[in-house]
Amino acid sequence: MRHWQIPAIAPILRANQRCELDDLRGRVTKDGIRIYEDADFAGMRVAGQIAAQILDDVGPMVVAGVTTAALDDFIRNEVARVGVVSATIGYRGYQHASCISVNHVVCHGIPGSKVPGRSSDMIQEGDILNIDVTVIVDGWFGDSSRMYTAGNAKPFAQRLIKVTHECLMRGIAAVKPGNTFGDIGFAIQSFAEENRCSVVRDFCGHGLGRVFHAPPNVLHYGRAGTGPVLEEGMFFTIEPMINLGRPETKVLADEWTAITRDKSLSAQFEHSIGVTATGCEIFTTSPKGLFFS
Ligand code: MF3
Ligand code: CO
Ligand code: CO
């Protein structure tokens with residue numbers, strides 16, 4: 001007897017379709033935030049550690065006279081040498097392996113572009129700069145940024161860097177199941193403002209995992225007890241941008257570079273984290289134990 005069989009539906013997928021299927025993993029909360037599984041922490045840990053390793057290794061290159069183009073070339077080469085993929089090259093037309101944001105650049109500084117107010121992309125003695133690197137490793141995104149100084153930065157610049165790092169760590173300390181995203185924002189904003197600094201409102205942290213930017217928007221300001229409730233298995237970044245002057249920003253004609261409107265100094269640190277049963281795991285801790293250099 002002829003036996004009619006329903007063929008197994010084995011979709012033929014191109015490599016770039018994998019993500020969409022992987023996005024079916026886990027579940028999504030009512031706020032649209034994906035809940036990942038225990039096993040997924042391992043993937044994020046590897047991606048985060050590779051991003052952090054690159055941020056450690058670029059540190060000694062940050063000296064007066066280096067160009068941001070040279071720093072980005074180093075990062076691009078490291079990404080290739082380790083055998084991973086840059087998440088930023090090709091992202092919405094962006095062409096670089098990092099964002100390098102000098103002095104009053106808030107974020108998304110383009111390597112190789114003139115430092116705003118200067119005739120070249122050369123770093124000078126006393127500059128402070130953020131380097132932001134995102135890599136994709138086995139489909140997992142590791143996103144982190146840190147501050148660097150070229151030679152001796154002014155005491156007020158060093159103070160801004162310390163305050164900003166503390167803002168990030170206080171935001172992270174507020175992460176545990178049952179707390180809210182507003183608790184994170186409140187912890188950051190209150191510490192920044194107690195220290196006579198301001199929190200940038202125009203950019204935020206984000207969910208990530210198998211994608212670069214996912215819900216929720218992680219605001220770096222807010223009221224305790226407001227916003228979505230944190231749950232075990234959420235993966236997101238916290239990446240406060242803190243200014244010495246006013247919080248307003250402006251994006252330059254290149255459509256990427258964001259600067260402070262009042263030209264005051266701005267600093268930023270970013271970690272990728274995952275919510276655990278009791279708190280969180282930081283995926284992007286420095287292998288060398290550095291936080292700025
Ligand atoms: N890494 C940045 C972030 O923290 C995003 C950079 S996107 C780029 O979300 F295209 F500007 F590189
Ligand atoms: Co980010
Ligand atoms: Co980043």
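Predicted model: local features only at pLDDT ≥ 70, side-chain atom pairs only at ≥ 80, totals over all residues.
1. Start just after α5: R196 there takes a positive phi of about 60 degrees. Residues are numbered from 1 along each chain as its sequence is written, while chains are lettered from A and ligands numbered from 1 in the order in which they are written.

2. How enclosed is α5 by the rest of the structure? Largely, because ten of its 14 residues are buried, meaning that 20 or more other C-beta atoms, placed from the backbone, lie within 10 Å of a residue's own. Among them are F181, I184, F186, I188 and F191, along with D183 and Q189.

3. The cover over those buried residues includes α4 (155-173) plus the strands β8 (198-199), β10 (214-218), β11 (235-238) and β12 (241-243).

4. Two of those covering strands, β8 and β12, turn up again in an open three-stranded sheet, ordered β8-β12-β15 with antiparallel pairing (pairing takes at least two DSSP bridges between strands). β8 and β15 (266-268) are the edge strands, each pairing on one side only. Between β8 and β12 there are two bridges, in the antiparallel sense, and S198 stands opposite N243 in β12.

5. On to ligand 1, which has 13 residues around it, the closest being T88, Y91, Y94, D132 and T134 (C-beta atom, placed from the backbone, within 6 Å). By class that shell has five charged, four polar and four nonpolar residues. Asp, Glu, Lys and Arg count as charged, Ala, Val, Leu, Ile, Met, Phe, Trp, Tyr, Cys and Pro as nonpolar, and the others, Gly among them, as polar.

6. Zooming out, the protein chain has five helices and 17 strands. Of its 293 residues, 46% count as buried. Its C-alpha atoms fill a box of roughly 85 × 45 × 35 Å along the principal axes.

Methods:
Buried ≥ 20, exposed ≤ 12 C-beta atoms within 10 Å, placed from the backbone. Helix = DSSP H or I, 4+ residues; strand = E, 2+ residues; numbered from the N terminus. Contact = placed C-beta atoms within 7 Å.
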